[in-house]
Amino acid sequence: NGEKTSELNSDSAALEIMSRLTDLIDPYTNSYATCTISLRLINMALEIAEPSYLVSDPRLLAVLQDKLCRHLLRLSTTSDNVIFVQTLRVIFNLFNSIKDHLKIQLEVFLTSVHLRTLNNMNQMPSRTLSRSGVDVDHHLNGSSFSRIEAALE
């Protein structure tokens, strides 16, 4: 009976810690330093935890699927390289650990990254030539580019 109580306390503690760390990576309410440290701690937790443990508690899984993924999506649009790299590490470890429970989140994240990439490509200088002299902008901004954008909308 004492073992069961210890297990419940451990699960509750893990839930509280992950929930609090997830709150601390919200870029709208926390500082750069707080987000960076919290991302590193979340990453360590994901690297250490067994995937079966992460999905064993529906409340913990809900924090990972909802709140954590939402904040990671926000952080993935940052222009700060340190935050961006830490965010990508957490995303990688999260999807690597519990990918079967994050199919929608993976789709949303990849679409967001793809749209961001397309947007950055669209803001390139008006004419870019490759080493071989091919007009890269013509290929990127031509009809194939428009078809990619339309398909993503």
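Residues count as buried under 20% relative accessible area, as exposed over 50%, and as partly exposed in between. By that scale, Asp66 is partly exposed in this predicted model, because its relative accessibility is 46%. Arg70 is also partly exposed, with a relative accessible area of 34%. Asp66 and Arg70 form a salt bridge, with the closest N and O atoms 3.1 Å apart. Both residues lie in helix α4. They are four residues apart, about one turn of the helix.

The structure holds four salt bridges. Another of them joins the side chains of Asp26 and Arg74, at 3.5 Å from N to O. Asp26 lies in the loop between α1 and α2, and Arg74 in helix α4, so this pair ties together parts 48 residues apart in sequence. Asp26 is buried, at 11% relative accessible area. Arg74 is partly exposed, at 28%. A further salt bridge links Arg59 to Asp57, with 3.1 Å between the closest N and O atoms. Here Arg59 is partly exposed, at 48% relative accessibility, whereas Asp57 is buried, at 11%.

The largest nonpolar core has 27 residues. Ile42, Leu64, Leu72 and Leu94 touch the most other members. Helices α1, α2, α4 and α5 each supply at least two residues of this core. The most come from α4, which gives eight. Beyond its neighbours within four places in sequence, Leu64 contacts Met18, Leu54, Cys69, Leu94 and Ile98.

Thr87 lies in helix α5. Thr87 is buried, at 0% relative accessibility. Its contacts, leaving aside neighbours within four places in sequence, are Leu39, Leu72, Leu75 and Ser76.

Terms used
Residues numbered from 1 in each chain as written. Predicted model: local features only at pLDDT ≥ 70, side-chain atom pairs only at ≥ 80, totals over all residues. Heavy atoms only, no water. Core = buried A, V, L, I, M, F, W, Y, C linked by side-chain atoms within 4.5 Å. Buried < 20%, exposed > 50% of the residue type's maximum accessible area, 1.4 Å probe, protein only. Contact = heavy atoms within 4.5 Å.
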